[in-house]
Amino acid sequence: MKNQEPKALWANFYSLTQIPRPSGKRKEIADFLVNYGKSLGLETLQDEIGNVLIRKPASPGMENHPGVILQGHMDMVPQKNGDKVFDFEKDPIEAYVEPNGEWVTADGTTLGADNGIGVATAMTVLADKSAVHPPLEALFTIDEETGMYGANDLKAGWLKGKYLLNLDSETEGELYVGCAGGIDTTATFHYQPVETEAGDIALRVEIKGCKGGHSGCDIHLQRANAIKLLFRFLKDAVANYEARLAYVEGGSLRNAIPREAAAVITIPEESYQDLQDLVDRYEDLFLSEYDGVETDLHFTAQEVECPKTELPEDVQDFLIHAVTLCPHGVYRMIPEQPDIVETSNNVAMIRTQISNDKCQIEVQCLTRSSVESRKEELASVIQSAFSLAGAEVVFSGSYPGWKPNLKSSLLATLKETYKKEFNADPRVIIIHAGLECGIIGAKYPGMEMISFGPTIEHPHSPDERVNIATVQKFYHFVQAALKAL
């Protein structure tokens, strides 16, 4: 990987892969960036929550030009295949070049190119004494993937630049000028467990091998949601096979489409073969319905030790109906741009917590929309589904979308620069994924912003990979854009 061009950028990215940096684990990566800035002799600051800002003086003759901010986030999404033994808080990412020589990926885990390539790019520009640029700032924010906490808590007045280049997009040749906002919904079912029926046996039913992916970038690709598939099966098993639910879990992050989900159910012993047959039928059904999309989906059932308790029947039924009813996927496309998602929801996670004094099941969703009222509408629909089922529903982490400014001078300059460098026009689009631009823009009115990046496929999943040739092209464009500005 370190032999790819530009070598300095790939060396920086390799360094990032060696530092555990899942969302929430901030200190080691922040310390690394602070030390990096200081090692270059540059003004290096860190705010109270951990964001890092490094300032580099302008190239000779460009001191009076408006400043530019290169911005990215430190954290990465921790996703791995079920059979991969890996600790994201301790282990370095096992990155490698694919045999075709075109992509860099990781062994069974997310790669962290989102947003490691952007961070590595800013690091490379900071160290490059030959780079031509106006006054430069590199802003590295914390915990973007789990709530955009770094951008949300960024203080006004800290940044000096007029233009912000967000290096966190994932298709080379596209300039992003707007994005969706989002809101988190958490629905909690509290219950007192009941004793399992004497003589029952227990099965762990599990769906795994779904592609998953980014709940913003990939939500329109019609990939399976393992939680929704599991609850489709559970509804049938409970209604027609005397199954009872004791435990359920699925998904791992709000902004990742769930790849795996599992439940422990109890059944009369004589129903064992019938349930095994039902699991086999549903696996065939799911593979048929997702033919050409989900090629590695597996649905299995395995007998396990029978739990002493299970959900009360009414809570179980309300939970199953609510999750079945809860919308997942695309809710509405943008009428004026029908190939772009306007509003969507990701049924992201479900967890069972069992203790002596507290038993609950928590369902977490992430709703996105580029229209604030549509975001609120869909969140209200989800709230109704779970409230009618008796759950406690809480909203949190709401952040605004980023309203496009198609008349900005920054956009005009970058379009002209791209055309000059590559003899092609870039696509100017709105992205459904959330970016930090809208939040930062609200704190710095008048700041002009664009987001762009190299081509990264399947972010937020263990299939994540970044195209080597587009990284080289992306870095060339960053250099040309800074010079043009």
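The paragraphs below take up these topics in turn.

This is a predicted model, in which local features need pLDDT of at least 70 and side-chain atom pairs count only at pLDDT 80 or more, while totals for chains, interfaces and linings use all residues. Residues are numbered from 1 along each chain as its sequence is written, and side-chain values use heavy atoms, with hydrogens and water left out.

The interior can be read through its nonpolar cores, a core being a set of buried Ala, Val, Leu, Ile, Met, Phe, Trp, Tyr and Cys residues joined through side-chain atoms within 4.5 Å, where buried means under 20% relative accessible area, exposed over 50%, and partly exposed in between (1.4 Å probe, protein chains only). The largest such core has 59 residues, and those with the most contacts inside it are Trp10, Ile117, Phe140, Leu165, Leu414, Phe452 and Val466. A second, separate core of 54 residues includes Phe189, Phe233, Leu275 and Val323.

Strands here are DSSP runs of E with at least two residues, and helices are runs of H or I with at least four, both numbered from the N terminus. Strand 3 (residues 68-73) is mostly covered, with six of its six residues buried. In a regular strand the side chains alternate between the two faces of the sheet. In strand 3, Val68, Leu70 and Gly72 point one way and Ile69, Gln71 and His73 the other way. Two strands pair if DSSP finds at least two bridges between them; strand 3 runs parallel to strand 6 (residues 136-141), to which six bridges join it, and Val68 has Leu136 as its bridge partner there. With strand 7 (residues 163-166), strand 3 pairs in the parallel sense over four bridges, and Ile69 stands opposite Leu164 in that strand.

How many disulfides does the structure hold? There are zero, a disulfide being a pair of cysteine sulfur atoms within 2.5 Å. For Cys306, which is in no disulfide, the nearest cysteine sulfur is that of Cys359, 16 Å away; Cys306 itself is partly exposed, at 28% relative accessibility. Cys365 is buried, with a relative accessible area of 1%, and its sulfur lies 3.9 Å from the closest cysteine sulfur, in Cys326, which is too far for a bond.

The largest cavity holds about 60 Å³ of space, and its lining includes Glu174, Phe452 and Phe474. Helix 12 (468-484) supplies the largest share of that lining, three residues.

The largest pocket has a volume of about 500 Å³, and of the 24 residues that line it, the closest to its centre are Thr171, Glu174, Tyr176, Cys217 and His220. Strand 20 (427-431) is among the strands that each supply at least two residues of the pocket lining, and strand 20 gives the most, with four residues.

Key:
On a 1 Å grid over the protein atoms alone, a cavity is a set of points where a 1.4 Å probe fits but cannot get out, and a pocket is an open set with protein on both sides within 12 Å along at least five of seven lines; lining residues have an atom within 4 Å of a point. Grid points are joined across faces, edges and corners, and a volume is the space filled by probe spheres set on the points.
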